[in-house]
Amino acid sequence: MIDILQAKPSHRSVWETLWRQNIVHFGAADMTDDVIETLWQRILNPDHPMQAWLALEKTGQTGPADDDVVGLAHIIVHPHTFSLRDVAYLEDFWVPDTQRGKGIGSQMIKALTIVAKQQDWGRLYWLTAGDNIAAQRLYDRLTDRVDAVLYKIDTA
């Protein structure tokens, strides 16, 4: 059984395990411990717009230490210029290779959509790399694709 829930302080170790897998996969293995710690503090701060959501596979025991983390989502809730309702940007979305093909990604997106409706967010949205075909297959099953072009200026 998979539970999708917002990260709590007791989830630190399972969150960090999955986050470190994610950053290695996306070429950021040199992320420093202070950045990871600050990210975690932002996630836990109810006044900060960042949230972490975890997919936990129940192992039959009790408590997060007895669960296997099988998915991770970071969202940033922010105002929208065309509406009085906030919107949520899915910044990071990760299911380890060993867990893919089990429907975890779909369950997570559907759970976040329910949260978005409960919180009255006007939209849940995200970007994915043009060559991330596996992710696009999942997303295309869940929602319509938006034709857009991303521009960015790196300032660091």
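Four elements each give at least two residues to the lining of the largest pocket: helix H1 (12-25), strand E4 (83-94), helix H3 (104-118) and helix H4 (133-142). Keep in mind that this is a predicted model. In total, 34 residues line the largest pocket, and those nearest its centre are Phe26, Phe93, Thr128, Asn132 and Tyr139.

Then there's the second largest pocket, with 28 lining residues; Tyr125, Trp126, Asp144, Arg145 and Val146 lie nearest its centre. Here the elements giving two or more residues to the lining are strand E3 (68-80), H3, strand E5 (124-125) and H4.

Here's how the pockets look in numbers:

| Pocket | Volume | Lining make-up |
|---|---|---|
| Largest pocket | About 1,100 Å³ | 17 nonpolar, nine polar and eight charged residues |
| Second largest pocket | About 880 Å³ | 15 nonpolar, eight polar and five charged residues |

Now for the sheet. It's an open one, built from five strands in the order E1-E2-E3-E4-E5, with mixed pairing. Strand E1 (2-6) and E5 are at the edges with a single partner strand each, so one side of each has no neighbour in the sheet. Further in, E3 and E4 run antiparallel and are joined by eight bridges. His80 stands opposite Ser83, a residue of E4.

And what lies across strand E2 (50-57) and E3? That's helix H2, residues 33-44, which runs at about 95° to E2.

Terms used: Residues are numbered from 1 along each chain as its sequence is written. This is a predicted model: local features need pLDDT of at least 70, side-chain atom pairs count only at pLDDT 80 or more; totals for chains, interfaces and linings use all residues. Side-chain values use heavy atoms; hydrogens and water are left out. On a 1 Å grid over the protein atoms alone, a cavity is a set of points where a 1.4 Å probe fits but cannot get out, and a pocket is an open set with protein on both sides within 12 Å along at least five of seven lines; lining residues have an atom within 4 Å of a point. Grid points are joined across faces, edges and corners, and a volume is the space filled by probe spheres set on the points. Ala, Val, Leu, Ile, Met, Phe, Trp, Tyr, Cys and Pro count as nonpolar, Asp, Glu, Lys and Arg as charged, and the others, Gly among them, as polar. Two strands pair if DSSP finds at least two bridges between them. Contact means heavy atoms within 4.5 Å. Axes are lines fitted to C-alpha atoms, for helices over the stretch in contact, and angles run from 0 to 180 degrees between N-to-C directions.
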